[in-house]
Amino acid sequence: DGVYADATNGALPHLPYDHDELRDRAREILDPGPFGYVEGSAGRERTADANVEAFSRYALRPRGLRPGAENAGDTGVTLFGERYPSPLLTAPVGVLEQVHPESERALARGANALGVPVVLSTAASTSMEEVAEVADSWWYQLYWPGDDELAESFVRRATAAGARAIVVTTDTSRLGWRPRDLSQGHLPFLRGQGTANYYGDPVFRSRLKEEPEPGGVLTEAVLHFLGSFSNRALSTDNIARIREWTDLPVLVKGVVRADEAEELVDAGIDGIVVSNHGGRQVDAAVAALDALPEVVEAVGDRAEVLFDSGVRSGADVVVAMALGAKAVLVGRPWVYGLAVDGAAGVEHVLRSILAEVQITAELMGRDVADLSADDVRRRP
Ligand code: FNR
């Protein structure tokens, strides 16, 4: 009840509830470069569009008669043996300094208000140790660097700082072809943005002759950051090595194929995030929601399957969970909340989505953790 009452206490909302309206507000506030960076996707942006459209092809099946369901609508989920108050997490989003000066600090305060864990990007604007001081609950997302010792350092630092899981993103061996950024010359990484986790890292620093200076353009540190950004030939052998560095659950994010999911599960991975990076990597790639059922089927109960890409509302979260996702990462919606109103904007977005999740699940006669394939059909 709480979340809905707070979202609708009679006062007019200070921000729109609708994603597209909030995006338009952010467009007014942000410079064209940063706005294009957030909103833009790969190529002609067909996959980004398809991610959202895919939700229109699924229909929920609410149930009015459900004896014993008077308490339905519980939003709690259990992931890797830990209880979370809702199925939402904030998706890892790098270079937030372009969006709001308080970047991850504001994100964490907004997410804390709802008990939503933050998945912190490797390319964050705030170091993981600083985020750990603000965020009540956070996971660490790893872009696997070309330098394995740097990967080890990142994972050990995240573990020591209190991350609850490690999420290895495998769909970004390099950045996709993103015309909006290219045509505006907006390439934040060349300006050394998103480097807080690198510049403070002892292994990263040991590779440099000069002290890294935040804000420097094409300095030695920026060039080293760009050169060591990714391992272009990542395999399950690399990923299995994380076990030597941490006891935390390990997930892989960016999977849209059953065969790859099976390979990962055979290699002992704990979780998979079905995602196409919000359509930012491969244009014409399969919509993430369309890939979800095959991955869920391939994985069975051997690992947890999470989902992102295209989620814009609470009903979308319920559809993804009915199709087998155990939890859902929200991307662009909270980024626009952050742009428009900092921590309060993030809180507004998460609270609205969560209120709709709760109401929808209740009207379905389900707790979110009990949603299943029986609750959804493809539209004829
Ligand atoms: C991202 N995403 C991303 N993913 C990741 O693993 N590490 C990262 O640093 C980033 N950075 C990033 C920046 C921006 C501006 C966006 C929009 C996205 C992808 C993100 O985690 C998630 O997969 C998508 O945002 C989901 O798609 P939607 O819901 O935003 O369409």
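Trainee: How far is an oxygen atom of the ligand from an N or O atom in the side chain of K253?
Mentor: The model is predicted, with pLDDT of at least 70 required for local features and 80 or more for side-chain atom pairs, while totals for chains, interfaces and linings use all residues. Residues are numbered from 1 along each chain as its sequence is written, and side-chain values use heavy atoms, without hydrogens and water. A polar contact is a pair of N or O atoms within 3.5 Å. For K253 the distance to the ligand oxygen is 3.0 Å.

Trainee: Which residue has a side-chain N or O atom 2.7 Å from an oxygen atom of the ligand?
Mentor: A ligand nitrogen lies 3.1 Å from a polar backbone atom of G94. The 2.7 Å distance involves a ligand oxygen and the side chain of R312.

Trainee: How much of the ligand's accessible area does the protein cover?
Mentor: On its own the ligand has 600 Å² of accessible area (Shrake-Rupley, 1.4 Å probe).

Trainee: Which residues come nearest to the ligand?
Mentor: There are 21 residues around the ligand (a heavy atom within 4 Å). Those that come nearest are P92, S121, T169, R312 and R332.

Trainee: Are α3 and α16 roughly parallel or antiparallel to each other?
Mentor: Helices are DSSP runs of H or I with at least four residues. The axes of α3 (residues 32-39) and α16 (residues 332-364) are 10 Å apart, at about 160°. Angles over 145 degrees count as roughly antiparallel. The two helices are therefore roughly antiparallel.

Trainee: Which residues of α16 make the contact with α3?
Mentor: Contact means heavy atoms within 4.5 Å. The α3 side supplies F35, V38 and E39. The α16 side supplies R332, V335 and Y336.

Note on methods
Axes fitted to C-alpha atoms, helices over the stretch in contact; angles between N-to-C directions. Parallel < 35°, antiparallel > 145°, perpendicular 65-115°, else oblique. Polar contact = N/O pair within 3.5 Å; in protein donor to acceptor, adjacent residues only side chain to side chain.
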